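Colleague: I am new to this structure and would be grateful for a guided reading. May I put some questions to you about its side chains?

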Amino acid sequence: MIERNCWTILAQRAQDETTLIQTEIGQITTRLENLNASKARLQNLYEEYRKQENSTNSNLLGMREVINQRQFMTQLLTLMERVDADVASAQKQLTDTRRRLMESEQERLKMQSLADQNAQAILNLAEKRDQRRMDELGVMQFNLRDDT
């Protein structure tokens, strides 16, 4: 029996796929962290403007400044909604990618198991062949000893 590298190659490909998916999970996690940080900054900014609007100084502001401030606050709310949608999308992508990682890990373990079984079968065959040769040499040596 000749050693087949196909199982080790398939196991390596499964390992590469698993590593690629793990990298993808890291990128998605980083993106989620950035989105959450952006959302926090937007919320802080919105809260600051809301406090300004509610302060007594708002009476001193002209109508145009009040309108501009409210428009800006509306834009901040729109941005927060967009960030929330992006967070939800990234969360779904992360969940899907983690599922793919589990599937890839199962496939990697299966391929590694098959590669190990193939290597063990080759080792067993080589041991049997060596034992057969040793037995043949022993019989030959016994026969030569009897002839002399």
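Colleague: How many aromatic pairs does the structure hold, and which residues form an aromatic pair?

Modeller: This is a predicted model, and it holds one aromatic pair. The ring centres lie 4.8 Å apart, with 55° between the planes, which makes the arrangement tilted. The residues that form the pair are Tyr-49 and Phe-72.

Colleague: Which helices does this pair link, and how many residues apart are Tyr-49 and Phe-72?

Modeller: Tyr-49 belongs to helix α1 (residues 6-54) and Phe-72 to helix α2. The pair therefore links distant parts of the chain, and the separation of Tyr-49 and Phe-72 is 23 residues.

Colleague: Is Ala-90 buried or exposed?

Modeller: Ala-90 is found in helix α2. Beyond residues up to four places away in sequence, Ala-90 touches Ile-28, Arg-31, Leu-32 and Leu-35. Buried means under 20% relative accessible area; Ala-90 has 0% and therefore counts as buried.

Colleague: Which residue forms a salt bridge with Asp-84, and which helices hold the two partners?

Modeller: The count of salt bridges comes to eight. In the one formed by Asp-84, the closest N and O atoms are 2.8 Å from each other. Asp-84 lies in helix α2 and its partner in helix α1, so the bridge ties together parts that are 45 residues apart in sequence. That partner in helix α1 is Lys-39.

Colleague: Why are Lys-92 and Asp-96 separated by about one helical turn?

Modeller: Lys-92 and Asp-96 form a salt bridge whose closest N and O atoms are 2.9 Å apart. Lys-92 is exposed at 54% relative accessible area, whereas Asp-96 is partly exposed at 28%. They are separated by about one helical turn because their spacing in helix α2 is four residues.

Colleague: What is the area of the nonpolar surface patch that includes Leu-137?

Modeller: Leu-137 is found in helix α2, which covers residues 63-147. Together with Met-134 and Met-140, Leu-137 makes a nonpolar surface patch. The area of this patch is about 330 Å².

Methods. Residues numbered from 1 in each chain as written. Predicted model: local features only at pLDDT ≥ 70, side-chain atom pairs only at ≥ 80, totals over all residues. Heavy atoms only, no water. Patch = residues over 30% accessible without salt bridge, like charges linked within 9 Å, V, L, I, M, F, W, Y side chains within 5 Å. Areas by Shrake-Rupley, 256 points an atom, 1.4 Å probe, with all protein chains shown as cover. Salt bridge = Lys/Arg side-chain N within 4 Å of Asp/Glu carboxyl O. Helix = DSSP H or I, 4+ residues; strand = E, 2+ residues; numbered from the N terminus. Phe/Tyr/Trp six-rings, centres within 6.5 Å; stacked < 30°, edge-to-face > 60°. Buried < 20%, exposed > 50% of the residue type's maximum accessible area, 1.4 Å probe, protein only. Contact = heavy atoms within 4.5 Å.
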